[in-house]
Amino acid sequence: MAKKDERRLVKIFDTTLRDGEQAPGNSMNIEEKLRIARQLEKLKVDVIEAGFPIASDGDFEAVKRIAQTVKSAEIAGLCRSSDKDIDRAWEALQYAGERGRIHTFIATSDIHMKYKLKMEPARVLEAAVNAVKRAASYTPNVEFSCEDAVRTRLPFLAEVVAAVIDAGATTVNIPDTVGYTIPFEYFNIIKYLKDNVANIDKAVISVHCHNDLGLSVANSIAAIQAGAGQVECTINGIGERAGNCSLEEFVMALRTRHDILPYRTNVVTEQITPSSRLLSTVTGIMVQPNKAIVGANAFAHESGIHQHGMLMDKSTYEIMTPESVGLKTSSLVLGKHSGRHAFKKRLDELGYELDDAGLNKAFDKFKTLADLKKEVFDEDLEAIMTEEMAPAEEKFKLDHITVTCGSFAVATATVQMEIEGKSARTAELGDGPVDATLKAIKKLTKCKAKLLTYNVGAITSGTDAQGEVTVKVAEGDRTVTGRGSSTDIIEASAKAYINALNRLDVMKERFDERNAL
Ligand code: KIV
Ligand code: ZN
């Protein structure tokens with residue numbers, strides 16, 4: 001008979017699409033959010049926080065579509081402790097039925113109450129209780145967060161927690177909003193609540209750690225050791241400022257150290273790498289090479305001594321296998337003779353789901369690329385998918401570029417684009433072909449955005465490799481990242497720049513609405 005798993009289950013609440021998306025450069029459009037949500041479902045997180053419905057019409061629509069689409073995970077929507085926020089959140093979440101979770105919050109620390117809310121503690125307590133009651137009139141699945149809990153006076157924190165549980169909260173979140181705590185202190189805060197809140201067992205204690213001191217994963221582990229039952233985290237650790245607790249690090253810490261951490265999660269760890277890559281593809285932000293679990297070097301053994309040890313026995317230097325996080329050792333996948341079936345299968349493995357029309361388009365691009373390159377790698381497929389995920393109704397499209405350049409010639413770029421369905425063409429001189437091309441695009445699109453960074457790299461090795469360009473552009477306080485790839489790096493540069501301008505255009509409205517909150 002199989003042995004019963006006695007480890008305590010810790011719920012994983014993924015906030016990549018809410019806290020993660022709030023971070024500069026991580027904005028996603030609705031289609032992109034849906035793709036991530038589908039992947040989170042495959043990863044089997046317990047709760048997907050899909051957004052902040054009242055923040056903008058785009059945020060509302062994304063939460064609603066995710067609530068309509070996702071079939072297994074709970075779907076949470078964030079709202080402040082106000083009636084109109086809560087009503088709007090439920091309007092979007094109702095489509096998830098019993099799986100819809102209203103997540104309402106208010107700050108409880110003296111600093112926040114005095115300077116941000118300008119409210120007395122008694123009024124904050126009242127607002128919290130009223131918010132939870134209103135949320136509970138829609139659904140029993142109510143989460144309440146005491147924003148800046150870690151800097152809240154403990155007796156007041158306990159008072160708020162007890163009151164919101166009485167009012168109907170079934171999850172109470174104790175966030176380290178500013179990433180200030182350390183494991184020992186956080187353990188004691190959770191323990192204090194367990195010991196001093198009479199009704200605490202009627203709710204799940206959740207923790208939500210920011211990474212300002214690089215301690216978010218350690219703090220989350222300490223909290224579950226003290227009795228917390230839910231951890232809020234994000235893929236690749238993205239989130240406000242230094243980010244949130246990284247899902248992959250927390251989950252793999254539990255899995256790897258099950259000898260001393262008697263907790264489990266429902267996460268299918270083999271879906272971690274596809275999830276991380278999909279997010280990078282969508283946002284254009286790659287993780288640093290030495291990032292734990294999902295960085296390019298996380299499973300690379302460079303030094304001779306380490307390589308020797310690995311050849312003798314993998315356990316010498318490997319505490320978890322690449323396979324356990326879904327990293328496939330062979331990345332050579334397809335060539336020009338590969339068929340649709342193999343192409344689709346590989347995309348599925350990488351975490352991309354396409355409808356028939358999308359698959360046809362992507363397959364055509366793959367065939368064109370396979371004619372140019374002998375071998376098509378996973379990274380090439382990810383580059384194809386970056387373009388495939390662009391929304392159909394983009395404002396700016398590239399038609400053609402011709403450049404002339406050389407050691408004697410003044411670089412000249414002639415660019416033809418489609419702008420809101422109309423064709424336009426211009427030529428510009430520049431300090432090199434990339435400069436000339438971007439100047440021509442800037443002139444055609446009349447954009448005021450500033451180019452902050454420009455990076456070019458080869459996706460794979462060999463002179464036939466695709467070049468991949470990543471640019472960061474900013475307009476006012478909005479920053480977006482654009483990516484483009486091609487076997488011609490001038491074309492890749494143009495695509496990346498246009499991709500960024502399109503993203504900026506889509507985000508403009510949402511940023512303005514969010515800022516008006
Ligand atoms: O960091 C934080 O306190 C939050 C809350 C809204 C949960 O993101
Ligand atoms: Zn947060």
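Leaving aside residues up to four places away in sequence, Lys 291 is in contact with Asn 236, Ser 246, Glu 248, Glu 249 and Ala 298. In this predicted model, Lys 291 is placed in the loop between α11 (272-283) and α12 (304-312). Its relative accessibility is 7%, so Lys 291 counts as buried. With Ser 246, the contact includes a polar one between the two side chains, at 3.4 Å.

The zinc ion (ligand 2) has Asp 19 (OD), His 208 (NE2) and His 210 (NE2) as its protein donors, at 2.0 to 2.2 Å. The spacing of these donor residues in sequence is D-x188-H-x1-H. Because Asp 19 belongs to helix α1 (residues 16-22) and His 208 to strand β8 (residues 204-209), the pair ties together parts that are 189 residues apart in sequence. Asp 19 is buried, with 3% relative accessibility, and His 208 is likewise buried, at 5%.

Three domains divide the chain: domain 1 (8-283), domain 2 (301-389) and domain 3 (396-516). Between the C-alpha centres of domain 1 and domain 3 the distance is 37 Å. Domain 1 contributes 17 residues to the contact and domain 3 contributes 10 residues. About 1000 Å² is buried between these two domains, with 39% of it on carbon and sulfur atoms.

The interface of domain 1 and domain 3 contains 1 salt bridge. A salt bridge also joins the side chains of Glu 32 and Arg 503 (3.0 Å, N to O). Polar contacts between domain 1 and domain 3 number 5 residue pairs, both residues at pLDDT 80 or more. On the side of domain 1 that touches domain 3, two or more residues each come from α1, α2 (30-43), α3 (57-69) and α11. Of these, α11 gives the most, with 4 residues.

Key:
Residues are numbered from 1 along each chain as its sequence is written. Chains are lettered from A and ligands numbered from 1 in the order in which they are written. This is a predicted model: local features need pLDDT of at least 70, side-chain atom pairs count only at pLDDT 80 or more; totals for chains, interfaces and linings use all residues. Side-chain values use heavy atoms; hydrogens and water are left out. Donors are N, O and S atoms within 2.8 Å of the metal (3.2 Å for Na, K and Ca); water is not among the atoms, so sites may look incomplete. Buried means under 20% relative accessible area, exposed over 50%, partly exposed in between (1.4 Å probe, protein chains only). A polar contact is a pair of N or O atoms within 3.5 Å; within protein, one must be able to donate a hydrogen and the other to accept it, and residues adjacent in sequence count only if both atoms are side-chain atoms. Contact means heavy atoms within 4.5 Å. Domain bounds come from an automatic or database domain assignment. Buried area is the accessible area (1.4 Å probe) that two parts lose on being put together, summed over both. A salt bridge is a side-chain nitrogen of Lys or Arg within 4 Å of a carboxyl oxygen of Asp or Glu.
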